[in-house]
Amino acid sequence: MQTEVLWSPNSSPQRMVLQLKPEDFFEVGYGGARGGGKTAAGIAWLLYDKDNPHLRALIIRKQSKDLNDWIDRARQIYEPLGAVIKGNPAEFHWPSGAIFRTGHLNDAGAYSAYVGHEYQRMLIEELNLIPSEENYLKLISSCRSTVAGLRPQVMSNFNPSDAGFYWIRKRFGLHGIPRKAITMADPSTGLRRIFIPALTRDNPALASDPQYNAFLNGLPDGLRQAWRDGSWDDPIIKGAYYANELDQARREGRLQRVPYDPRLKVHTVWDLGIDDAMSIGFWQHKQNYTALIDYYENENFGLDHYRAKLEEFARDKKYSYGKHFAPHDVNRRELSTGKTIIQLAAEIGLKFEKVPMVGVADGIQHVRLMFPRTHLSEPTCEQAVNAFRNYRREYDEELLKFKDTPVHDWSSHAADMLRYASLVEDEMTNEGDIPQVVIPPRPRESIYEGVEEDDGRHPMFRGVDIGKMGHEKAA
Ligand SMILES: Nc1ncnc2c1ncn2[C@@H]1O[C@H](COP(=O)(O)OP(=O)(O)OP(=O)(O)O)[C@@H](O)[C@H]1O
Ligand SMILES: [Mg+2]
């Protein structure tokens, strides 16, 4: 009797991903178009060492509901092979003793939850939803092995979109539509990584599906190139609010490294977004000069994490802080402790100044007015600059026109922070700032011609020839 084949790779990229040995590559990035078979390959990839009783694998997916989809798909393969699913978050227990754990990143502290653990295999689904490389590095720090013969390996799947687009592109050295695998060694750890491009047409299960192809072809510009073709070119962003301003800044050299000026204070502007995302802009300002010199964004951390970040920057970059600004409504937002954020911040020594309440549309106008004198330090604020570029109007598919409201997505936090900064720009004062008095410049030529000299006498007699009056003669 022939054994039933439950699953086998159906394209050469899938086969290649599965054959990469952990001793050759620590990190495997399988990325590109939608539907290339990346998730399917990840489920299979974890199976290699399921008979090793010491194997501990971790599967991470950003959203808990998406993680459940993954678990449902994995069950179809793992259960017939003998795995038993237990617990919440779900774990797959194998007859050998090997365990696959799963986790999402919705909860506070999720990125740090695995620090100190050991997972010899880590699968990160939809890496593009992880907003920063820092968080990714934190996650993969627990991909290591003390088990002889089991070398650690991380596999991640991603599409060229969302908050992770720019850092993933840089990490794997991507541009355009990659046709071949790309390999490199990490400059600091020396560990090797490889990117394998995924194309929809590689996947016979979808390539001939007219409905799926119609869906991909019908996507708006930018997203179509990313999802259908797997393109890593800068996306074309329709309805972007600050496209012209950013182009002008680039032309005028205001979009490059801006050094910290130790004579000016560093003011921080905070945005507390939904999903517990936090954005902090580090600004310096003097007359006709406003610079975003640094930027920090993260999610699922308490205030003390951000305060520690400020301290770290002060220590490492010698920042001397001025004021800290937060939006008006920050006072109203109650945390689980029943205290407002302002109160909690005060308890850890952070005093916030309030950003005035101004509507979004007016705020965007303010940003536009501030832009011509604004410098954005691109290397340190790359994430923010990318978000400013992505910040755009919502498109009304029915009326075929742009709405007046911005799209709420990964770029909103940085863009809101920029809006707040424009509203408090004048309040970013430096210590020792003196009130301004406008005095005209000193002229080079004499302006005294025709002006009679003050001879110290009473104005009535000024300029009068006293001699002619007859007094002088006496002397
Ligand atoms: N080797 C395979 N054999 C049979 N079907 C497959 C295989 N690989 C993928 N598929 C099917 O193709 C479809 C798309 O695959 P999958 O979801 O893994 O793609 P993906 O690259 O993860 O997509 P996305 O970019 O949307 O996350 C799924 O229905 C999946 O079951
Ligand atoms: Mg997938």
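Helices, here runs of at least four residues, are DSSP runs numbered from the N terminus. The model is predicted.

**Exercise 1.** Determine which helices each supply at least two residues of the shell around ligand 1, and which gives the most.

*Solution.* Step 1: the shell around ligand 1 holds 16 residues, and the closest are Asn10, Gly37, Lys38, Thr39 and Ala40. Step 2: helix H2 (38-45) and helix H6 (204-207) each supply at least two residues of this shell. Step 3: H2 gives the most, with three residues. Step 4: by class, the shell divides into five nonpolar, nine polar and two charged residues.

**Exercise 2.** Classify the relative orientation of H1 and H2, and describe their contact.

*Solution.* Step 1: the axes of helix H1 (residues 12-19) and H2 come within 10 Å and cross at roughly 30°. Step 2: angles under 35 degrees count as roughly parallel, and H1 and H2 are therefore roughly parallel to each other. Step 3: their crossing is right-handed. Step 4: Gln14, Val17 and Leu18 of H1 meet Ala41, Ala44 and Trp45 of H2. Step 5: this contact has five nonpolar, one polar and no charged residues.

**Exercise 3.** Carry out the corresponding analysis for H12 and H14.

*Solution.* Step 1: helix H12 (residues 360-370) packs against helix H14 (residues 412-424) at an angle of about 70°, with the axes 8 Å apart. Step 2: angles of 65 to 115 degrees count as roughly perpendicular, and H12 and H14 are therefore roughly perpendicular to each other. Step 3: H12 passes H14 in a left-handed crossing. Step 4: Gly363, Ile364, His366, Val367 and Met370 of H12 make the contact with Leu418, Arg419, Ser422 and Leu423 of H14. Step 5: by class, these are five nonpolar, three polar and one charged residues.

Note on methods
Residues are numbered from 1 along each chain as its sequence is written. Chains are lettered from A and ligands numbered from 1 in the order in which they are written. This is a predicted model: local features need pLDDT of at least 70, side-chain atom pairs count only at pLDDT 80 or more; totals for chains, interfaces and linings use all residues. Axes are lines fitted to C-alpha atoms, for helices over the stretch in contact, and angles run from 0 to 180 degrees between N-to-C directions. Angles under 35 degrees count as roughly parallel, over 145 as roughly antiparallel, 65 to 115 as roughly perpendicular and the rest as oblique. A crossing is left-handed if the near helix is turned anticlockwise from the far one by less than a right angle, and right-handed if clockwise. Two residues are in contact if their C-beta atoms, placed from the backbone, lie within 7 Å. Ala, Val, Leu, Ile, Met, Phe, Trp, Tyr, Cys and Pro count as nonpolar, Asp, Glu, Lys and Arg as charged, and the others, Gly among them, as polar. A residue is near a molecule or strand if its C-beta atom, placed from the backbone, lies within 6 Å of it.
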